[in-house]
Amino acid sequence: MTESQKLPPRLTTLSFHSPLSEPRAASLIERAAAEAPSTVLDIGCGWGELMLRVLEAVPGARGTGVDLNGEDLARGRTNAAARGLADRVEFLEKSATDAALDPADLVFCLSASHALSGAEPPRLTTEALRALRGLVTPGGRVVFADGYWQRPPTPQELGAMWPDARADEYDGLAGLVDRAVAAGFRPVWIETANRDEWETFESGYQSDQEVWLAGHPDHPLAEETREKLDRHRSSWLRGYRDVLGIAYLTLVPVD
Ligand SMILES: C[S@@+](CC[C@H](N)C(=O)[O-])C[C@H]1O[C@@H](n2cnc3c(N)ncnc32)[C@H](O)[C@@H]1O
């Protein structure tokens, strides 16, 4: 492949494809591993880092990750092999809505509700939670990460976020947890990403490509990459920064 055919790198500095710090990940894993799950399912897994860390913490547990992104799945397989987990995990390249998935003792759905339903938000959240209720074994756990408004967005912020952003796309945190309860769960743990986690995530989301762009100003993809980076940065800094939150809900299913 020639230099001009190579795509810019992406997400190499991020451990997780979400605003999630190492300390929060460690406590999530510790709580999940304490339940000794035999099976772990990761919906919209990306490279499935949290799932792999749970498999390391629970000898004998088996994992399945499902995602559409072949590049991220390949990163997951490589990481699994490097940690001696290749025979306990499979990464499936398919849509979670099409995959015939068995219920698991621990189910992750981290910033990936759209992998479970094509509904518009906020109904998307409800439908994803209902699907997750059917994918967890009795007494198991679901770790669900989804968006909520930290405060109501102003019209100017909405206009800067993403095309057709609406104030009713998300609930506040209480409304998000109410949706989980209505879908047949009780909340075991409720936590939210803080500003440091967001800044680490948003910076890491762009940094590979910013560095690449600085070194490849005449590359055929330079203009397209610059526009994409500028658009995303503006959407964050003028739109959803300190307005959109991400909640990590650890949920137990109830009848
Ligand atoms: C924001 S990323 C989160 C990745 C991962 N859960 C994490 O937290 O690191 C959302 C993921 O959902 C995946 N996705 C989108 N639609 C999907 C579908 N229908 N089936 C499976 N995965 C899907 C994307 O490819 C992407 O990897």
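**Exercise 1.** In this predicted model, determine where Phe201 and Tyr205 lie and how many residues apart they are.

*Solution.* Step 1: helix α7, residues 195–215, holds both Phe201 and Tyr205. Step 2: the two are four residues apart, which is about one turn of the helix.

**Exercise 2.** Classify the pair formed by the rings of Phe201 and Tyr205, and state whether each residue is buried or partly exposed.

*Solution.* Step 1: a pair of aromatic rings is described by the distance of the centres and the angle of the planes. Step 2: the ring centres of Phe201 and Tyr205 are 5.8 Å apart, within the 6.5 Å limit for a pair. Step 3: their planes stand at 50°, so the pair is tilted, given that planes under 30 degrees apart count as stacked and those over 60 as edge-to-face. Step 4: Phe201 has a relative accessible area of 10% and is therefore buried, the cut-off being under 20%. Step 5: Tyr205, with 31%, is partly exposed.

**Exercise 3.** Describe the pair of Trp162 and Tyr240, and explain why it ties together parts that are apart in sequence.

*Solution.* Step 1: the aromatic pair of Trp162 and Tyr240 is tilted, with 6.0 Å centre to centre and 50° between the planes. Step 2: Trp162 belongs to the loop between α5 (155–161) and α6 (173–182), whereas Tyr240 belongs to helix α8 (residues 222–240), so the pair joins parts that are 78 residues apart in sequence. Step 3: Trp162 is partly exposed at 26% relative accessible area, while Tyr240 is buried at 6%.

**Exercise 4.** Which residues do ring pairs link into a cluster?

*Solution.* Step 1: the count of aromatic pairs comes to five. Step 2: ring pairs link Trp162, Trp198, Phe201, Tyr205 and Tyr240 into a cluster.

**Exercise 5.** Give the strand order of the open sheet and identify its edge strands.

*Solution.* Step 1: seven strands, with mixed pairing, follow the order β3-β2-β1-β4-β5-β7-β6. Step 2: β3 (89–93) and β6 (185–192) each pair on one side only, and these are the edge strands. Step 3: on average, neighbouring strands of the sheet are turned by 15° against each other, direction ignored. Step 4: helix α4 (residues 123–133) packs on the sheet, touching β1 (39–43), β4 (104–110), β5 (136–149), β6 and β7. Step 5: the direction of α4 makes about 165° with that of β5.

**Exercise 6.** In what sense do β6 and β7 pair, and over how many bridges?

*Solution.* Step 1: β6 and β7 (residues 244–253) pair in the antiparallel sense over seven bridges. Step 2: Thr192 stands opposite Ala247 in β7.

How values were computed. Residues numbered from 1 in each chain as written. Predicted model: local features only at pLDDT ≥ 70, side-chain atom pairs only at ≥ 80, totals over all residues. Heavy atoms only, no water. Pairing = 2+ DSSP bridges. Axes fitted to C-alpha atoms, helices over the stretch in contact; angles between N-to-C directions. Contact = heavy atoms within 4.5 Å. Buried < 20%, exposed > 50% of the residue type's maximum accessible area, 1.4 Å probe, protein only.
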